[in-house]
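Subject: Structure handover

Hello,

Here is the structure I promised to pass on. Please open it alongside this note.

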Amino acid sequence: MTKVIRNGTIVTADRTWKADVLVQHGKIVAIGENLHADHEFDATGCYIMPGGIDPHTHLEMPFMGTYSADDFESGTRAALSGGTTMVVDFCLPSPGQSLLEALQMWDNKTSKACSDYSFHMAITWWGEQVFNEMAQVVDKGITSFKHFMAYKGALMVDDDEMYSSFKRCAELGALPLVHAENGDVVAQLSAKLLAEGNNGPEAHAYSRPPEVEGEATNRAIMIADMVGSPLYVVHTSCEQAHEAIRRARQKGMRVYGEPLIQHLVLDETEYFNKDWDHAARRVMSPPFRNKLHQDSLWAGLQAGSLQVVATDHCSFTTQQKRTGVGNFTKIPNGTGGLEDRMPVLWTKGVNTGRLTMNEFVAVTSTNIAKILNMYPKKGAIVEGADADLVVWDPKRKKTIAAKHQQSVIDYNVFEGIELTGLPRFVFTRGELAIQEHEIKANPGHGEFVAREPHAAVNRALSQWKEITAPRKVERTGIPATGV
Ligand code: URP
Ligand code: ZN
Ligand code: ZN
Ligand code: ZN
């Protein structure tokens, strides 16, 4: 059975043109004028774009004594309803646990995924077993490794461990990722705030100032540079971190930065709300920042010094957040956003003139597919690519309301935002998943996307590292030791 999307304008990261898109067996098979098929979908007045890819989600994640509330079923359904057709989640081994055993546990969570997905593997401890298993993880198509520089006593790794792991990534042609915050300093600041009686959700923000993120970002960049690996910095939230990335890139380093839609549009005043629940629901790391930082992130997307917009979707119910009443360090860290990322970025970015439509596609899909080495299978509208497509109606309107969302939690941090620009149709590998407000997502349709190591950037970096490696000087005369 064939499908065709007709009468629309295709928008990709580098082109905008009028054409129809023909789909068969889950792939794009033709792009051109006046195509016909068994089933036809009308895209009049719409843009046909590559489906969004969210490179940063935590579905059903064990964290801070609980599990994040959205699983692969509700999470990917939420994603699809907002135009995101693939998520990349994190497999988190407990300290001491085999990476392969953890991967088995994460595989078991995905049977009801409605969209395609992939994984990053977290390095939460270091040893010979981790060193060896990293190669097997890469063989399974997981070619990116996450390092938490925060969450001391839980997920955090130190510089020694990061150096060893980044070096291993360079050898394997993999990509290291970092959550960049100085976990030691966060722990000290948190203890001080609590001792002074500062125990509300606003203290979470005080405990993680931008300097703490900037320092860690610089440190991770330095370590990646020493071993000759690229680096991907997740949830870049402030000018200090952006500045580090920008400077590194200007020096020729292969460093990528990922602002979240939350940090682009929500600010620190949320934590000063008199309602404890309101503030606690917005507790995430790094915290929301002020307008100057937001302007820096938008500028980074415009200038190309930041490449990707993600969500870090890690949702907790109000009940779960209340674990931290009286002690902000116990509030589970994380916010949702999977359903909202694309329409909020369109409304606040494209509709304001801050981003072009092509830049929108780049930062929500194509750049991610390229950085994670799955382009053009994903992130592209070309013959042979997966038919992960969103037909975007720039006139469709909605006001964000938790009561209508796909996520299982009882609130939405974007509540009340008025959107203009929403999907008319969303296809996941050719299957219709969303038709305006109708959800046709099919649990179990989603497949794991394996990725190849040794992306072009890795190959170039290791070649340059080899050419510029320290070499012993062969001398013509060596003086006697004087003994
Ligand atoms: O607060 C956050 N970001 N929660 C999810 C885990 C992480 O740090 O990414
Ligand atoms: Zn026809
Ligand atoms: Zn993080
Ligand atoms: Zn995260």
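My findings follow, by topic.

Please keep in mind that this is a predicted model.

An unreviewed UniProt entry lists "domain: Amidohydrolase-related" at residues 47–419. Over that range the chain is 39% helix and 16% strand. The end C-alpha atoms of residues 47–419 are 16 Å apart.

Ligand 1. Which residues are around ligand 1? They are His 58, His 179, Met 284, Ser 285, Asp 312, Cys 314, Asn 333 and Gly 334. By class, this shell has five polar residues, two nonpolar and one charged.

Cis peptide bonds. Ser 285, one of the residues around ligand 1, is joined to Pro 286 by a cis peptide bond. Omega there is near -10°. Pro 286 sits in the loop between helix H10 (276–280) and helix H11 (291–303). The bond from Tyr 375 to Pro 376 is cis as well, with omega near 5°. Pro 376 belongs to the loop between helix H14 (357–371) and strand E17 (389–399). These deserve a look because most peptide bonds are trans.

Helix pair H7 and H8. Helix H7 covers residues 210–227, and helix H8 covers residues 239–250. Their axes come within 7 Å and cross at roughly 25°. Angles under 35 degrees count as roughly parallel, so H7 is roughly parallel to H8. The crossing of H7 past H8 is right-handed. On the H7 side, the contact uses Pro 210, Glu 211, Glu 213, Gly 214, Thr 217, Asn 218 and Ile 221. These meet Glu 239, Gln 240, Ala 241, Glu 243, Ala 244, Ile 245 and Ala 248 in H8. By class, the contact of H7 with H8 has six nonpolar, four polar and four charged residues.

Backbone at His 235. Is the phi of His 235 positive or negative? Phi at His 235 is positive, about 30°, although this residue is not a glycine. Most residues other than glycine have a negative phi. His 235 is found in the loop between strand E15 (231–233) and H8.

Over to you.

Best wishes

Methods:
Residues are numbered from 1 along each chain as its sequence is written. Chains are lettered from A and ligands numbered from 1 in the order in which they are written. This is a predicted model: local features need pLDDT of at least 70, side-chain atom pairs count only at pLDDT 80 or more; totals for chains, interfaces and linings use all residues. UniProt positions are given in the numbering used here, feature names are shortened, and annotations may be inferred rather than shown by experiment. Helices (H or I, at least four residues) and strands (E, at least two) are DSSP runs, numbered from the N terminus. A residue is near a molecule or strand if its C-beta atom, placed from the backbone, lies within 6 Å of it. Ala, Val, Leu, Ile, Met, Phe, Trp, Tyr, Cys and Pro count as nonpolar, Asp, Glu, Lys and Arg as charged, and the others, Gly among them, as polar. Axes are lines fitted to C-alpha atoms, for helices over the stretch in contact, and angles run from 0 to 180 degrees between N-to-C directions. Angles under 35 degrees count as roughly parallel, over 145 as roughly antiparallel, 65 to 115 as roughly perpendicular and the rest as oblique. A crossing is left-handed if the near helix is turned anticlockwise from the far one by less than a right angle, and right-handed if clockwise. Two residues are in contact if their C-beta atoms, placed from the backbone, lie within 7 Å.
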